[in-house]
Amino acid sequence: MSDVIEGAEAPDFELAGADGPIRLADFAGKAVVLYFYPKDDTTGCTKEAQEFSALAADFAKAGVSVVGVSKDSLKSHAKFTAKYGLAVPLGADPEGAVIERYGSWVEKNMYGRAYMGIERSTFLIKDGRLTRIWRKVKVPGHAAEVLKAAQSL
């Protein structure tokens, strides 16, 4: 993994999406928010997806695309999107290659047990560069904070 720091070149990615592959190259000359979350249809992940979806029109107005990423399958993403009427595309990374490339596959601890999992994290990318990075994201108000940063590009 290269250094995933603000100002650095964004790691390249290709994810499976409902409407075909989602690639970093698709956003050349544009801005994209890439947010990583642990699992479809869980409490925090649902709230985060709903918050980004509620602001989807504002992101679009700012010329910024939003893509959610987890290890869940396209089938799981389709059910999740339909169940909650999500307005942002979700990319499937079942092997976790993109998640690892962005440094979001980390050791976590729950009840004293260590395990590997996805760190809730968000990356604002413009012209192929990491403009802003949020790690260990707390969901409430996060999408609005990201929108504010996106609008200031």
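Predicted model: local features only at pLDDT ≥ 70, side-chain atom pairs only at ≥ 80, totals over all residues.
Local features need pLDDT of at least 70 and side-chain atom pairs count only at pLDDT 80 or more, while totals for chains, interfaces and linings use all residues. Residues are numbered from 1 along each chain as its sequence is written, and side-chain values use heavy atoms, without hydrogens and water.

A nonpolar core is a set of buried Ala, Val, Leu, Ile, Met, Phe, Trp, Tyr and Cys residues joined through side-chain atoms within 4.5 Å; buried means under 20% relative accessible area with a 1.4 Å probe, protein chains only. The largest such core has 24 residues, and Val33, Tyr35, Phe52, Phe59, Val64, Val66 and Leu124 have the most contacts inside it. Helix H5 (142-151) is one of the elements giving two or more residues to this core, and H5 provides the largest share, 5 residues. Leaving aside neighbours within four places in sequence, Phe59 is in contact (heavy atoms within 4.5 Å) with Val33, Phe52, Val64, Val66, Ala143, Val146, Leu147 and Ala150. A second, separate core of 21 residues includes Ala10, Leu34, Val67 and Ile133.

The largest pocket holds about 240 Å³ of space. Its lining comprises 19 residues, with Ala18, Asp19, Ile22, Pro89 and Leu90 nearest the centre. By class, 12 residues of this lining are nonpolar, 5 polar and 2 charged.

The second largest pocket holds about 190 Å³. Strand E6 (residues 105-110) supplies the largest share of its lining, 3 residues. Here the lining has 3 nonpolar, no polar and 6 charged residues. On a 1 Å grid over the protein atoms alone, a pocket is an open set of points where a 1.4 Å probe fits, with protein on both sides within 12 Å along at least five of seven lines, and lining residues have an atom within 4 Å of a point. Helices (H or I, at least four residues) and strands (E, at least two) are DSSP runs, numbered from the N terminus.

Technical notes:
Buried < 20%, exposed > 50% of the residue type's maximum accessible area, 1.4 Å probe, protein only. Points joined across faces, edges and corners; volume = space filled by probe spheres on them. Nonpolar A, V, L, I, M, F, W, Y, C, P; charged D, E, K, R; others polar.
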